Each structure stands twice: as C-alpha cells, then as structure tokens.
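Subject: Structure for your files

Hello,

Please find the structure below, followed by notes on what was found in it.

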Amino acid sequence: MKQELETIQADALSAIEAASDQKILDEARVAFLGKKGRLTAASAAMKDLPNEEKPAYGQALNVARQAITAAIESKLAALQEEADKKSVEGIDVTLPARELLEGGLHPLTLVKDRAIQILRRMGFALAEGPEIETEYHCFDALNTPDDHPARNEKDTFYFDSGKLLRTHTSSVQIRTMEKATPPVRIIAPGSAYRRDEIDATHLSVFNQLEGLFVAEDVKLGDLKGTLEYFFRAMFGNETEVRFRPHFFPFTEPSFEIDVKLHVKGQKPKWIEVAGCGMVDPAVFSSLAESRGDDLFDPEKVTGFAFGMGLDRLAMIQWGIKDIRLLIENDTRFLKQFA
Ligand code: PHE
C-alpha cells in the first residue's frame, strides 16, 4: 500500500514538472487530487485496512498530499512568472512613463457655471431655446418691428427658409412664457450671433445669459437689487457697476450695465456687460393674444429681463483685454485657467 502511495506521488510530481501551461497543470491536479483522482482513491482505500495500520497509512497519505500540493503551487508560480516575462517581451520598461495630459475647463465655461450657480441660488431655473430661431421669436414677439436695424440683412445671419441665427437669447423669454404659468423665474445661457465687425470686444458668435422674472408686482428696484447683488457675488463686493438709460424694444424702461474692467498695466475702463429693463407691456399683450388666455395680462403681471455677455464677464473676471483670446484655443492662454 505504502509502495503504491510512493508511485502515485512520483507520477504526480513528474506530471506536474512536465506541465507546460496552467491548463495542463490543472488537469494534473484533477488527475491526482480531484474527486476521482488517484490519491483520493488511495485515501478511500484506507477504510479496508486493519485498524493498527491506519495511523501510519494516514500519515503517509498526508505526506504525499502535501508534496503534490506544494509542487503544484511552485509550478504555478513558475508558469505565472514565465507568462509575465513573455507579456513584456520587447518592451523597454526602463523608458520614462508617458506624460499624463491634464484637462481643464475653458474660462467661458468657468464664468458660465459660476453665474448659473449664483442665479440658481436666487431662485432662477434653467431654460433653453434653439439657436436657429424664427423671426417671430427673435423679433416680432419681442416688440421689434420690421424696420428695426437689428433685423437688417447686414446685422443678422438669415437662412433661405426665413429662419435666422438668434441675435440674442431673449427669444428664450418668449419660448418660456408661451408655455409657463406665472410666476416665471428663469435663466438661459447660450450662443448668440451677429454680423459684428470683429474687434477686441466683439465677436460674431458670442455667449449670453438671459434672465426673466415675471410675477405680480415686480418692480424696477427688484431688477437693480438682483443685478447689483449678482455682480458683487460674481466679482467681489468692491465691484463698480453702473446702469445707463438705454433703449430696447421689449423693455421699458431699459438700461445698459457697465462694469469696470481692470487690465494689468492699463487704465481701468467701463465695459458694457448687459442690457436689461422692465418687460414692455406690449410683449405681454402679444403673448396673451398668442396664448389665448390672460395669465400674462399686463394688468396682472410685471417683470424684468436681462441679458448679459458671458464673454465680457470672463474679461472682467480675469482682466482679459481681448475677447478674441477666448475663441483662439491657444493653450498658452487657456492653461492659465486649468
Ligand atoms: N437682448 C438684449 C441684447 O442682446 C439684451 C437684453 C435682454 C435687454 C433682456 C433687455 C432685456 O442686447
């Protein structure tokens, strides 16, 4: 019996030694230690032995099992090491590692996110509308008559279909009010397009953030307070903000807002960052007509609206003197914000 155990062990060790990969090694393990393996069969035979021979036989079984198990383990480690070596063959592991390129957010994204964060805290919800707009939403519904200069071919990008690239995000005011029930308190960041001469403060595609608040009894003081608070939250308590009377067809009274731009080594100067005003009752009247109800009856609701230039806000935030830097994708510029 003991003789037989020695044979099994010797066979097992040579099978293990000969295994050239993990699959063959596993087959050897099953052949000797598996449920139907040779060593397992030999252990089952113990019950037929006379009692006094059992302890010695049991011990011999253990020795054989341990020897086989240890051989499998060390063979497995050897095979693994071989596989590892093969997998890096031809690779020079002493080469320096590849540099990890780290991304960063564009300054426009940073100011936009910050502006949204401040305004949402004040209760404004996000809204949106299409960039390819109808003349109706961009102009007519905003009390902007046919002969207004903004509608001129020279100022606006028209499609053959009669649609246009929106010249401002104010069209989202209309799109929102067409569906909403007052009170309405929304902001709508997005691109706007004009055939502007490109210079240090003008681009033909730029980014605006529209705001609209309509409810019972909204006053001019609410508009001023909201925007003054906004600019201080955005740029700090010392920020200088000025409101200049202006004209927009869809607000009355209307204002333009300037903020002081500080560029290193230059004299600080006012730059225009937003237009705003109290929603013109004519806008509500035309809306009441298109909706066919009186929820936006100008006798019942009032409101304020504003539209700011996000590119300009970025210029003020970081003292950027040329708006074109924001679209040139020069990484030497952009890296400073990452
Ligand atoms: N839409 C105007 C512009 O682009 C800005 C504005 C928005 C003015 C809302 C008043 C109210 O110049």
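P253 lies in strand β7 (residues 251-261); strands are DSSP E runs of at least two residues and helices are H or I runs of at least four, both numbered from the N terminus. The model is a predicted one, in which local features need pLDDT of at least 70 and side-chain atom pairs count only at pLDDT 80 or more, while totals for chains, interfaces and linings use all residues. Residues are numbered from 1 along each chain as its sequence is written, and side-chain values use heavy atoms, with hydrogens and water left out.

The bond joining E252 and P253 is cis, with omega about -5°. Another cis bond runs from P182 to P183, with omega near 0°. P183 is in the loop between α7 and β4 (184-193). Most peptide bonds are trans, and most residues other than glycine have a negative phi.

**Positive phi**

N143, not a glycine, has a positive phi of about 60°. N143 sits in the loop between α6 (135-138) and β3 (164-165) and is partly exposed, with a relative accessible area of 33%. D217, in the loop between β5 and α8, has a phi near 70°. D217 is exposed, at 56% relative accessible area. (Buried is under 20%, exposed over 50%, partly exposed in between, with a 1.4 Å probe and protein chains only.)

**Helix α9**

Helix α9 covers residues 281-291, and V283, F284, L287 and A288 are buried in it. Those buried residues fall within an arc of 135° seen down the axis, so they line one face of the helix; the arc is that of the directions from the helix axis to the C-beta atoms. They pack against α7 (171-179), β5 (205-215), β8 (269-279) and β9 (302-309).

At the N-terminal end, D280 caps α9, with a side-chain oxygen 2.9 Å from the backbone nitrogen of A282. Just after α9, G292 takes a positive phi of about 75°.

**Helices α8 and α10**

Helix α8 (residues 220-235) packs against helix α10 (residues 310-318) at an angle of about 50°, with the axes 10 Å apart. Axes are lines fitted to C-alpha atoms, for helices over the stretch in contact, and angles run from 0 to 180 degrees between N-to-C directions. The two helices are therefore oblique to each other (under 35 degrees is roughly parallel, over 145 roughly antiparallel, 65 to 115 roughly perpendicular, the rest oblique). F230, F231, M234 and F235 of α8 meet L313, I316 and Q317 of α10, contact meaning heavy atoms within 4.5 Å.

Regards

Methods
A polar contact is a pair of N or O atoms within 3.5 Å; within protein, one must be able to donate a hydrogen and the other to accept it, and residues adjacent in sequence count only if both atoms are side-chain atoms.
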